[in-house]
Amino acid sequence: MPHIRIVRRHGRAAGAEPRRVLSVRSRIVVAILAVAALGLAASGVASYVVQRRAVLAAVDAQLLHTVPNLKTIAAGKTSAAPLTSVDAVLRVAMQQMIPASNESVLGFVDKKPALVPAVNLPFRIDKDGALVARIVAEAHPTLVVIGTAKSPLGTLRYLIVPVKVAGDPSTGLYVAAIDLDAELRALADSFQTYLRVALGALALVGLVAWFVAGRLLRPIRLLRDAAASSSTAADLTQRIPVTGRDDVSELATTINAMFDRLQDSARSQVRLLNDVGHELKTPITIIRGHLELLDAANVGDVEATRALAIEELDRMSTLVSDISLLAASRAPHFVTLAEVDIDSFTHAVGAKASALDPARPWSVESATGLALIDAGHITQAWLQLADNAVKYSTPGEPIVIASEVSKTGASPWLNLSVRDAGPGIATDARDRIFERFSRLESSRGTEGSGLGLSIVSAIAEAHGGTAVLSGEPGQGSTFTIRIPLVAGTQLSQEDKE
(Lines give C-alpha, C1' and ligand atoms only; values in the text may rest on other atoms or scores of the structure.)
Protein backbone atom coordinates (compact mmCIF):
# COMPACT_ATOMS: atom_id res chain seq x y z
CA MET A 1 0.00 0.00 0.00
CA PRO A 2 1.57 3.35 -0.99
CA HIS A 3 2.41 5.87 1.70
CA ILE A 4 0.31 8.98 1.71
CA ARG A 5 1.95 12.16 2.95
CA ILE A 6 -0.26 15.01 4.03
CA VAL A 7 1.28 18.44 3.53
CA ARG A 8 -0.27 21.32 5.40
CA ARG A 9 0.41 24.75 3.93
CA HIS A 10 -0.02 27.74 6.12
CA GLY A 11 -1.37 30.97 4.72
CA ARG A 12 -4.57 32.60 3.57
CA ALA A 13 -6.69 30.48 1.27
CA ALA A 14 -7.45 31.72 -2.21
CA GLY A 15 -10.55 33.88 -2.27
CA ALA A 16 -10.33 34.64 1.43
CA GLU A 17 -10.94 38.21 2.53
CA PRO A 18 -7.76 40.30 2.81
CA ARG A 19 -6.48 40.92 6.30
CA ARG A 20 -7.86 44.14 7.68
CA VAL A 21 -5.37 46.80 8.69
CA LEU A 22 -5.76 49.87 10.81
CA SER A 23 -7.33 52.86 9.13
CA VAL A 24 -5.32 56.02 8.57
CA ARG A 25 -7.27 57.70 11.35
CA SER A 26 -6.43 54.88 13.78
CA ARG A 27 -2.77 54.88 12.76
CA ILE A 28 -2.54 58.63 13.34
CA VAL A 29 -4.07 58.26 16.80
CA VAL A 30 -1.84 55.27 17.66
CA ALA A 31 1.27 57.16 16.52
CA ILE A 32 0.32 60.24 18.57
CA LEU A 33 -0.43 58.10 21.62
CA ALA A 34 2.84 56.19 21.22
CA VAL A 35 4.89 59.39 21.06
CA ALA A 36 2.95 60.95 23.95
CA ALA A 37 3.30 57.79 26.06
CA LEU A 38 7.03 57.63 25.34
CA GLY A 39 7.46 61.27 26.32
CA LEU A 40 5.41 60.92 29.51
CA ALA A 41 7.21 57.71 30.46
CA ALA A 42 10.65 59.22 29.85
CA SER A 43 9.85 62.37 31.83
CA GLY A 44 8.25 60.37 34.66
CA VAL A 45 11.11 57.89 34.98
CA ALA A 46 13.70 60.67 34.80
CA SER A 47 11.88 62.64 37.48
CA TYR A 48 11.54 59.54 39.68
CA VAL A 49 15.24 58.66 39.36
CA VAL A 50 16.34 62.21 40.18
CA GLN A 51 14.05 62.48 43.20
CA ARG A 52 15.05 59.00 44.42
CA ARG A 53 18.70 59.95 44.29
CA ALA A 54 17.90 63.12 46.22
CA VAL A 55 16.08 61.10 48.93
CA LEU A 56 18.97 58.61 49.20
CA ALA A 57 21.47 61.45 49.42
CA ALA A 58 19.39 63.08 52.18
CA VAL A 59 19.30 59.75 54.08
CA ASP A 60 23.08 59.41 53.87
CA ALA A 61 23.53 63.01 55.00
CA GLN A 62 21.23 62.39 57.95
CA LEU A 63 23.16 59.26 58.98
CA LEU A 64 26.59 60.87 58.57
CA HIS A 65 25.44 63.82 60.69
CA THR A 66 25.43 61.33 63.58
CA VAL A 67 29.24 61.03 63.55
CA PRO A 68 30.15 64.60 64.66
CA ASN A 69 27.34 64.59 67.24
CA LEU A 70 28.61 61.33 68.68
CA LYS A 71 32.19 62.69 68.83
CA THR A 72 30.93 65.72 70.72
CA ILE A 73 29.20 63.47 73.25
CA ALA A 74 32.26 61.18 73.60
CA ALA A 75 34.44 64.22 74.31
CA GLY A 76 32.22 65.06 77.31
CA LYS A 77 31.18 68.47 75.98
CA THR A 78 27.46 67.82 76.51
CA SER A 79 27.60 66.40 80.05
CA ALA A 80 28.67 67.82 83.45
CA ALA A 81 31.00 64.93 84.35
CA PRO A 82 33.55 63.23 82.10
CA LEU A 83 32.45 60.02 80.43
CA THR A 84 34.91 57.28 81.36
CA SER A 85 33.30 54.21 79.80
CA VAL A 86 31.85 53.07 76.52
CA ASP A 87 28.57 52.27 78.24
CA ALA A 88 28.32 55.84 79.58
CA VAL A 89 28.97 57.38 76.18
CA LEU A 90 26.31 55.21 74.55
CA ARG A 91 23.78 55.98 77.31
CA VAL A 92 24.25 59.73 76.94
CA ALA A 93 23.99 59.34 73.13
CA MET A 94 20.71 57.42 73.48
CA GLN A 95 19.36 60.22 75.67
CA GLN A 96 20.48 63.22 73.62
CA MET A 97 20.37 61.98 70.00
CA ILE A 98 16.66 61.54 69.26
CA PRO A 99 16.00 59.31 66.20
CA ALA A 100 14.01 60.71 63.26
CA SER A 101 10.55 59.40 62.28
CA ASN A 102 11.83 56.49 60.15
CA GLU A 103 15.06 55.94 62.09
CA SER A 104 16.09 53.45 64.76
CA VAL A 105 19.32 53.22 66.79
CA LEU A 106 21.02 50.49 68.78
CA GLY A 107 24.06 50.50 71.04
CA PHE A 108 26.47 47.57 71.12
CA VAL A 109 28.86 46.84 73.99
CA ASP A 110 31.44 44.18 73.29
CA LYS A 111 29.61 43.16 70.11
CA LYS A 112 26.30 42.57 71.88
CA PRO A 113 23.10 44.68 71.64
CA ALA A 114 22.89 46.56 74.91
CA LEU A 115 21.13 49.92 74.66
CA VAL A 116 18.14 51.45 72.86
CA PRO A 117 16.67 54.93 73.35
CA ALA A 118 13.70 55.41 75.64
CA VAL A 119 11.37 56.46 72.81
CA ASN A 120 8.99 54.65 70.50
CA LEU A 121 10.98 53.37 67.57
CA PRO A 122 9.43 52.57 64.16
CA PHE A 123 11.37 49.27 64.22
CA ARG A 124 13.88 47.50 66.45
CA ILE A 125 17.22 46.56 64.96
CA ASP A 126 17.87 43.93 67.70
CA LYS A 127 14.74 42.00 66.58
CA ASP A 128 16.57 40.80 63.45
CA GLY A 129 19.35 38.42 64.50
CA ALA A 130 20.75 38.16 60.98
CA LEU A 131 21.04 41.93 60.76
CA VAL A 132 22.74 42.09 64.16
CA ALA A 133 25.26 39.46 63.09
CA ARG A 134 25.90 41.35 59.84
CA ILE A 135 26.51 44.61 61.71
CA VAL A 136 28.94 42.92 64.07
CA ALA A 137 30.74 41.30 61.16
CA GLU A 138 31.03 44.54 59.14
CA ALA A 139 32.04 46.79 62.04
CA HIS A 140 35.56 48.25 61.89
CA PRO A 141 37.46 49.15 65.05
CA THR A 142 38.42 52.64 63.83
CA LEU A 143 36.39 53.45 60.68
CA VAL A 144 32.76 54.41 60.16
CA VAL A 145 30.89 51.84 58.00
CA ILE A 146 27.75 52.61 55.98
CA GLY A 147 25.70 50.02 54.09
CA THR A 148 22.31 48.78 52.94
CA ALA A 149 20.57 45.57 53.97
CA LYS A 150 17.39 43.74 52.97
CA SER A 151 15.68 42.68 56.16
CA PRO A 152 12.27 41.49 57.32
CA LEU A 153 12.13 44.95 58.86
CA GLY A 154 12.44 46.49 55.39
CA THR A 155 15.20 47.91 53.25
CA LEU A 156 17.51 49.57 55.76
CA ARG A 157 20.30 52.03 55.24
CA TYR A 158 22.57 51.75 58.30
CA LEU A 159 25.60 53.48 59.81
CA ILE A 160 28.08 51.79 62.20
CA VAL A 161 30.19 54.12 64.32
CA PRO A 162 32.87 52.52 66.54
CA VAL A 163 33.01 53.90 70.13
CA LYS A 164 36.22 53.69 72.23
CA VAL A 165 37.00 55.37 75.54
CA ALA A 166 40.53 55.59 76.95
CA GLY A 167 41.00 53.39 80.00
CA ASP A 168 37.96 51.22 79.18
CA PRO A 169 38.81 47.83 77.61
CA SER A 170 35.28 47.47 76.27
CA THR A 171 34.40 48.21 72.64
CA GLY A 172 31.20 49.86 71.60
CA LEU A 173 29.19 50.41 68.42
CA TYR A 174 26.61 53.08 67.80
CA VAL A 175 24.29 51.88 65.00
CA ALA A 176 21.70 54.09 63.29
CA ALA A 177 19.40 52.68 60.59
CA ILE A 178 16.78 54.38 58.40
CA ASP A 179 13.90 52.54 56.70
CA LEU A 180 14.39 53.37 52.98
CA ASP A 181 11.00 51.94 52.05
CA ALA A 182 9.30 54.43 54.38
CA GLU A 183 11.48 57.30 53.13
CA LEU A 184 10.68 56.44 49.52
CA ARG A 185 6.98 55.74 50.13
CA ALA A 186 5.97 59.35 49.57
CA LEU A 187 7.95 59.36 46.31
CA ALA A 188 6.31 56.06 45.23
CA ASP A 189 2.87 57.48 46.02
CA SER A 190 3.72 60.59 44.02
CA PHE A 191 4.85 58.44 41.09
CA GLN A 192 1.64 56.40 41.19
CA THR A 193 -0.32 59.64 41.13
CA TYR A 194 1.77 60.71 38.13
CA LEU A 195 0.95 57.41 36.40
CA ARG A 196 -2.77 57.93 36.92
CA VAL A 197 -2.57 61.51 35.66
CA ALA A 198 -0.46 60.39 32.67
CA LEU A 199 -2.97 57.68 31.76
CA GLY A 200 -5.77 60.23 31.98
CA ALA A 201 -3.77 62.62 29.82
CA LEU A 202 -3.16 59.86 27.26
CA ALA A 203 -6.88 59.11 27.16
CA LEU A 204 -7.62 62.80 26.64
CA VAL A 205 -4.92 63.07 23.95
CA GLY A 206 -6.38 59.99 22.25
CA LEU A 207 -9.89 61.47 22.21
CA VAL A 208 -8.68 64.83 20.89
CA ALA A 209 -6.46 63.14 18.29
CA TRP A 210 -9.35 60.92 17.17
CA PHE A 211 -11.63 63.94 16.79
CA VAL A 212 -9.03 66.14 15.05
CA ALA A 213 -7.88 63.34 12.73
CA GLY A 214 -11.50 62.65 11.84
CA ARG A 215 -12.08 66.32 11.01
CA LEU A 216 -8.91 66.53 8.92
CA LEU A 217 -9.56 63.27 7.08
CA ARG A 218 -13.25 63.97 6.47
CA PRO A 219 -12.62 65.45 2.99
CA ILE A 220 -10.62 62.34 2.09
CA ARG A 221 -13.45 60.07 3.25
CA LEU A 222 -15.91 62.14 1.23
CA LEU A 223 -13.53 61.87 -1.72
CA ARG A 224 -13.43 58.09 -1.32
CA ASP A 225 -17.22 57.88 -1.17
CA ALA A 226 -17.60 60.23 -4.13
CA ALA A 227 -15.06 58.26 -6.19
CA ALA A 228 -16.73 54.98 -5.26
CA SER A 229 -20.18 56.20 -6.29
CA SER A 230 -19.15 58.27 -9.34
CA SER A 231 -19.64 55.60 -11.98
CA THR A 232 -21.80 57.72 -14.28
CA ALA A 233 -21.80 61.30 -15.47
CA ALA A 234 -24.74 62.07 -13.18
CA ASP A 235 -22.72 61.01 -10.11
CA LEU A 236 -20.01 63.55 -11.00
CA THR A 237 -22.22 66.28 -9.59
CA GLN A 238 -21.08 65.37 -6.07
CA ARG A 239 -18.66 67.82 -4.46
CA ILE A 240 -16.62 67.78 -1.26
CA PRO A 241 -17.43 70.50 1.30
CA VAL A 242 -14.40 72.74 1.80
CA THR A 243 -13.80 74.28 5.23
CA GLY A 244 -10.65 76.05 6.37
CA ARG A 245 -7.48 76.86 4.49
CA ASP A 246 -5.16 73.98 5.40
CA ASP A 247 -3.51 71.43 3.11
CA VAL A 248 -6.45 69.02 3.27
CA SER A 249 -8.87 71.82 2.35
CA GLU A 250 -6.66 72.69 -0.61
CA LEU A 251 -6.71 69.02 -1.60
CA ALA A 252 -10.52 69.05 -1.43
CA THR A 253 -10.59 72.18 -3.61
CA THR A 254 -8.29 70.51 -6.13
CA ILE A 255 -10.42 67.37 -6.18
CA ASN A 256 -13.58 69.44 -6.70
CA ALA A 257 -11.88 71.15 -9.64
CA MET A 258 -10.99 67.71 -10.99
CA PHE A 259 -14.63 66.65 -10.70
CA ASP A 260 -15.62 69.83 -12.55
CA ARG A 261 -13.29 68.88 -15.39
CA LEU A 262 -14.49 65.29 -15.36
CA GLN A 263 -18.10 66.42 -15.43
CA ASP A 264 -17.43 68.79 -18.33
CA SER A 265 -15.53 66.03 -20.12
CA ALA A 266 -18.34 63.54 -19.55
CA ARG A 267 -20.91 66.02 -20.83
CA SER A 268 -18.76 66.73 -23.87
CA GLN A 269 -18.38 63.04 -24.57
CA VAL A 270 -22.10 62.41 -24.29
CA ARG A 271 -22.85 65.38 -26.53
CA LEU A 272 -20.14 64.34 -28.99
CA LEU A 273 -21.49 60.80 -29.18
CA ASN A 274 -25.00 62.09 -29.73
CA ASP A 275 -23.82 64.53 -32.40
CA VAL A 276 -21.62 61.94 -34.11
CA GLY A 277 -24.49 59.47 -34.12
CA HIS A 278 -26.74 62.08 -35.65
CA GLU A 279 -24.19 63.15 -38.27
CA LEU A 280 -23.30 59.57 -39.26
CA LYS A 281 -26.92 58.52 -39.47
CA THR A 282 -27.57 60.66 -42.56
CA PRO A 283 -24.83 59.27 -44.87
CA ILE A 284 -25.49 55.73 -43.68
CA THR A 285 -29.21 56.13 -44.44
CA ILE A 286 -28.45 57.61 -47.86
CA ILE A 287 -26.04 54.80 -48.80
CA ARG A 288 -28.40 52.11 -47.50
CA GLY A 289 -31.40 53.57 -49.34
CA HIS A 290 -29.57 53.70 -52.66
CA LEU A 291 -28.20 50.18 -52.23
CA GLU A 292 -31.68 48.82 -51.49
CA LEU A 293 -33.07 50.46 -54.64
CA LEU A 294 -30.04 49.59 -56.76
CA ASP A 295 -30.78 47.79 -60.04
CA ALA A 296 -27.72 45.59 -60.45
CA ALA A 297 -28.51 45.02 -64.12
CA ASN A 298 -28.47 48.75 -64.81
CA VAL A 299 -24.87 49.82 -65.31
CA GLY A 300 -25.70 53.50 -65.05
CA ASP A 301 -27.55 52.99 -61.78
CA VAL A 302 -24.60 51.02 -60.39
CA GLU A 303 -22.12 53.75 -61.35
CA ALA A 304 -24.28 56.51 -59.86
CA THR A 305 -24.76 54.59 -56.62
CA ARG A 306 -21.02 53.86 -56.46
CA ALA A 307 -20.15 57.54 -56.90
CA LEU A 308 -22.70 58.56 -54.26
CA ALA A 309 -21.43 55.94 -51.79
CA ILE A 310 -17.80 57.06 -52.26
CA GLU A 311 -18.80 60.70 -51.73
CA GLU A 312 -20.68 59.91 -48.53
CA LEU A 313 -17.85 57.69 -47.25
CA ASP A 314 -15.38 60.51 -47.92
CA ARG A 315 -17.60 62.82 -45.88
CA MET A 316 -17.71 60.26 -43.07
CA SER A 317 -13.90 59.92 -43.23
CA THR A 318 -13.52 63.69 -42.93
CA LEU A 319 -15.87 63.68 -39.96
CA VAL A 320 -13.89 60.91 -38.22
CA SER A 321 -10.60 62.77 -38.86
CA ASP A 322 -12.02 65.96 -37.39
CA ILE A 323 -13.30 64.11 -34.34
CA SER A 324 -9.87 62.47 -33.86
CA LEU A 325 -8.22 65.89 -34.06
CA LEU A 326 -10.59 67.28 -31.43
CA ALA A 327 -9.85 64.35 -29.13
CA ALA A 328 -6.07 64.74 -29.65
CA SER A 329 -6.24 68.47 -28.88
CA ARG A 330 -6.78 67.66 -25.19
CA ALA A 331 -3.53 65.67 -24.97
CA PRO A 332 -0.66 67.34 -23.04
CA HIS A 333 1.76 67.27 -25.98
CA PHE A 334 -0.69 68.19 -28.73
CA VAL A 335 1.26 71.34 -29.62
CA THR A 336 5.00 71.54 -30.29
CA LEU A 337 6.16 75.13 -29.85
CA ALA A 338 8.84 76.62 -32.05
CA GLU A 339 10.00 80.16 -32.66
CA VAL A 340 8.60 81.79 -35.84
CA ASP A 341 8.82 85.23 -37.39
CA ILE A 342 5.35 86.76 -37.15
CA ASP A 343 5.62 88.80 -40.35
CA SER A 344 6.90 85.92 -42.52
CA PHE A 345 4.39 83.52 -41.01
CA THR A 346 1.47 85.88 -41.62
CA HIS A 347 2.37 86.41 -45.28
CA ALA A 348 2.86 82.65 -45.79
CA VAL A 349 -0.64 81.94 -44.44
CA GLY A 350 -2.05 84.78 -46.52
CA ALA A 351 -0.53 83.26 -49.69
CA LYS A 352 -2.09 79.88 -48.88
CA ALA A 353 -5.46 81.43 -48.08
CA SER A 354 -5.59 83.33 -51.38
CA ALA A 355 -5.57 79.99 -53.22
CA LEU A 356 -8.97 79.17 -51.67
CA ASP A 357 -10.61 81.80 -53.91
CA PRO A 358 -8.14 83.36 -56.35
CA ALA A 359 -10.83 85.60 -57.85
CA ARG A 360 -11.42 87.39 -54.55
CA PRO A 361 -9.24 90.32 -53.39
CA TRP A 362 -7.01 89.31 -50.44
CA SER A 363 -4.89 91.53 -48.23
CA VAL A 364 -2.40 90.94 -45.40
CA GLU A 365 -1.80 93.10 -42.33
CA SER A 366 1.13 91.86 -40.30
CA ALA A 367 2.85 92.57 -37.00
CA THR A 368 6.59 92.03 -36.59
CA GLY A 369 8.57 90.17 -33.99
CA LEU A 370 8.98 86.58 -32.83
CA ALA A 371 6.47 84.14 -31.32
CA LEU A 372 6.59 80.62 -29.90
CA ILE A 373 3.72 78.68 -31.51
CA ASP A 374 2.91 75.38 -33.17
CA ALA A 375 3.05 76.70 -36.73
CA GLY A 376 1.40 73.63 -38.26
CA HIS A 377 -1.71 73.64 -36.07
CA ILE A 378 -2.00 77.44 -36.09
CA THR A 379 -1.83 77.39 -39.90
CA GLN A 380 -4.59 74.74 -39.97
CA ALA A 381 -6.82 76.83 -37.68
CA TRP A 382 -6.11 80.11 -39.49
CA LEU A 383 -6.86 78.57 -42.92
CA GLN A 384 -10.08 77.09 -41.49
CA LEU A 385 -11.18 80.62 -40.63
CA ALA A 386 -10.21 81.76 -44.12
CA ASP A 387 -12.17 78.88 -45.67
CA ASN A 388 -15.24 79.81 -43.61
CA ALA A 389 -14.91 83.41 -44.78
CA VAL A 390 -14.84 82.25 -48.41
CA LYS A 391 -17.92 80.06 -47.91
CA TYR A 392 -20.13 82.41 -45.93
CA SER A 393 -19.10 85.96 -46.94
CA THR A 394 -20.39 87.90 -49.93
CA PRO A 395 -18.71 86.66 -53.14
CA GLY A 396 -16.14 89.09 -54.53
CA GLU A 397 -15.80 91.05 -51.28
CA PRO A 398 -12.26 91.40 -49.84
CA ILE A 399 -10.90 89.23 -47.02
CA VAL A 400 -8.11 90.41 -44.72
CA ILE A 401 -5.56 88.10 -43.07
CA ALA A 402 -4.14 90.04 -40.10
CA SER A 403 -1.79 89.57 -37.16
CA GLU A 404 -1.21 92.02 -34.35
CA VAL A 405 0.27 92.15 -30.87
CA SER A 406 -1.82 93.66 -28.10
CA LYS A 407 -1.38 94.08 -24.39
CA THR A 408 -3.90 93.25 -21.71
CA GLY A 409 -2.43 94.46 -18.45
CA ALA A 410 1.20 93.37 -18.36
CA SER A 411 0.69 90.36 -20.65
CA PRO A 412 1.14 90.61 -24.42
CA TRP A 413 -1.17 88.66 -26.74
CA LEU A 414 -0.83 87.57 -30.35
CA ASN A 415 -4.05 88.05 -32.34
CA LEU A 416 -4.37 86.15 -35.64
CA SER A 417 -7.58 87.12 -37.42
CA VAL A 418 -9.61 86.77 -40.61
CA ARG A 419 -11.87 89.73 -41.46
CA ASP A 420 -14.56 89.61 -44.13
CA ALA A 421 -17.25 91.94 -45.43
CA GLY A 422 -20.10 89.40 -45.38
CA PRO A 423 -23.55 89.49 -43.77
CA GLY A 424 -22.08 88.84 -40.32
CA ILE A 425 -23.38 86.56 -37.58
CA ALA A 426 -26.67 87.10 -35.78
CA THR A 427 -26.32 88.05 -32.11
CA ASP A 428 -28.32 85.04 -30.84
CA ALA A 429 -26.03 82.65 -32.76
CA ARG A 430 -22.70 83.90 -31.46
CA ASP A 431 -22.78 81.94 -28.20
CA ARG A 432 -22.95 78.62 -30.05
CA ILE A 433 -20.89 79.39 -33.13
CA PHE A 434 -17.83 77.49 -31.78
CA GLU A 435 -19.84 74.47 -30.57
CA ARG A 436 -19.45 71.10 -32.27
CA PHE A 437 -21.74 70.51 -35.27
CA SER A 438 -23.16 73.99 -34.84
CA ARG A 439 -24.46 75.38 -38.15
CA LEU A 440 -26.28 78.57 -38.96
CA GLU A 441 -29.53 78.33 -40.88
CA SER A 442 -27.92 80.18 -43.78
CA SER A 443 -25.19 77.56 -44.00
CA ARG A 444 -27.40 74.54 -44.46
CA GLY A 445 -26.32 72.70 -47.55
CA THR A 446 -22.75 73.99 -47.30
CA GLU A 447 -20.16 71.23 -47.36
CA GLY A 448 -18.31 70.46 -44.13
CA SER A 449 -18.51 68.42 -40.97
CA GLY A 450 -19.67 71.25 -38.73
CA LEU A 451 -16.50 70.86 -36.65
CA GLY A 452 -14.31 73.51 -38.29
CA LEU A 453 -14.76 76.29 -35.72
CA SER A 454 -14.64 73.75 -32.88
CA ILE A 455 -11.21 72.67 -34.15
CA VAL A 456 -10.10 76.32 -34.33
CA SER A 457 -11.22 76.84 -30.71
CA ALA A 458 -9.49 73.61 -29.58
CA ILE A 459 -6.18 74.62 -31.21
CA ALA A 460 -6.39 78.08 -29.59
CA GLU A 461 -7.09 76.55 -26.17
CA ALA A 462 -4.17 74.12 -26.61
CA HIS A 463 -1.96 77.23 -26.93
CA GLY A 464 -3.47 78.71 -23.76
CA GLY A 465 -5.70 81.11 -25.68
CA THR A 466 -9.18 81.30 -27.15
CA ALA A 467 -11.09 81.91 -30.38
CA VAL A 468 -13.36 84.96 -30.46
CA LEU A 469 -15.87 86.51 -32.85
CA SER A 470 -16.42 90.23 -33.30
CA GLY A 471 -18.31 92.43 -35.74
CA GLU A 472 -21.89 93.61 -36.15
CA PRO A 473 -24.60 91.84 -38.21
CA GLY A 474 -24.62 93.22 -41.75
CA GLN A 475 -21.09 94.65 -41.38
CA GLY A 476 -19.00 91.52 -41.73
CA SER A 477 -17.30 89.27 -39.20
CA THR A 478 -13.83 89.05 -37.66
CA PHE A 479 -12.74 85.67 -36.31
CA THR A 480 -9.62 85.90 -34.13
CA ILE A 481 -7.28 83.30 -32.65
CA ARG A 482 -6.03 84.99 -29.50
CA ILE A 483 -3.03 83.32 -27.81
CA PRO A 484 -0.47 84.49 -25.23
CA LEU A 485 2.70 85.92 -26.69
CA VAL A 486 5.47 83.93 -24.99
CA ALA A 487 8.16 86.06 -23.29
CA GLY A 488 11.10 86.79 -25.51
CA THR A 489 9.14 87.88 -28.58
CA GLN A 490 9.75 91.35 -29.94
CA LEU A 491 7.08 93.93 -30.67
CA SER A 492 7.13 95.95 -33.83
CA GLN A 493 7.87 99.65 -33.67
CA GLU A 494 4.24 100.45 -34.57
CA ASP A 495 2.95 98.26 -31.69
CA LYS A 496 5.34 99.90 -29.24
CA GLU A 497 4.04 103.32 -30.23
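Predicted model: local features only at pLDDT ≥ 70, side-chain atom pairs only at ≥ 80, totals over all residues.

Student: What is the handedness of the crossing of α9 and α10?

Tutor: The α9/α10 crossing is left-handed. Helix α9 covers residues 375-392 and helix α10 covers residues 452-462. Their packing angle is about 145 degrees, and the axes lie 9 Å apart.

Student: Which residues in α9 and α10 meet?

Tutor: From α9 come H377, I378, Q380, A381, Q384, L385 and N388. From α10 come G452, L453, I455, V456 and I459. By class, the contact has 7 nonpolar residues, 5 polar and no charged ones.

Student: How should I read the spacing of contacts along a helix?

Tutor: An α-helix has 3.6 residues a turn, so residues three or four places apart point the same way. Now the case here: H377, A381, L385 and N388 are among the α9 residues that meet α10. Those four are also among the buried residues of α9.

Student: Which other residues are buried in α9?

Tutor: The buried set also includes I378, T379, W382, A386, A389 and V390.

Student: Now strands. How many residues of β1 are buried?

Tutor: Strand β1, residues 103-109, has 7 of its 7 residues buried. Check each side in turn. E103, V105, G107 and V109 lie on one side of β1, with S104, L106 and F108 on the other. Both faces are covered.

Student: Which strands pair with β1, and in what sense?

Tutor: Strand β5, residues 172-179, is joined to β1 by 7 bridges, and the two run antiparallel. V109 has G172 as its bridge partner in β5. Strand β2, residues 112-115, also pairs with β1 in the antiparallel sense, over 3 bridges. There, G107 stands opposite L115.

Student: How many residues lie between β1 and β2 in the hairpin?

Tutor: The β1-β2 hairpin has 2 residues between its strands. One point to check in the turn is D110, with a positive phi of about 55 degrees.

Student: What is the strand order in the open sheet of 5 strands?

Tutor: Read the order as β7-β9-β10-β12-β11, with mixed pairing. The edges are β7 (362-365) and β11 (466-470). Each has a single partner strand, so one side of each is left without a neighbour in the sheet. From one strand to the next, the twist averages 20 degrees.

Student: Which strand is joined to β11 by 5 bridges?

Tutor: That is β12, residues 478-484, which runs antiparallel to β11. V468 stands opposite T480 in β12.

Student: Where does L469 lie, and is L469 buried or exposed?

Tutor: L469 lies in strand β11. Its relative accessible area is 18%, so L469 is buried. Compare sequence with space too: L469 and S417 are 52 residues apart along the chain, and their C-alpha atoms are separated by 9.5 Å.

Note on methods:
Residues numbered from 1 in each chain as written. Heavy atoms only, no water. Axes fitted to C-alpha atoms, helices over the stretch in contact; angles between N-to-C directions. Left-handed = near helix turned anticlockwise from the far one by under 90°. Contact = heavy atoms within 4.5 Å. Nonpolar A, V, L, I, M, F, W, Y, C, P; charged D, E, K, R; others polar. Buried < 20%, exposed > 50% of the residue type's maximum accessible area, 1.4 Å probe, protein only. Pairing = 2+ DSSP bridges.
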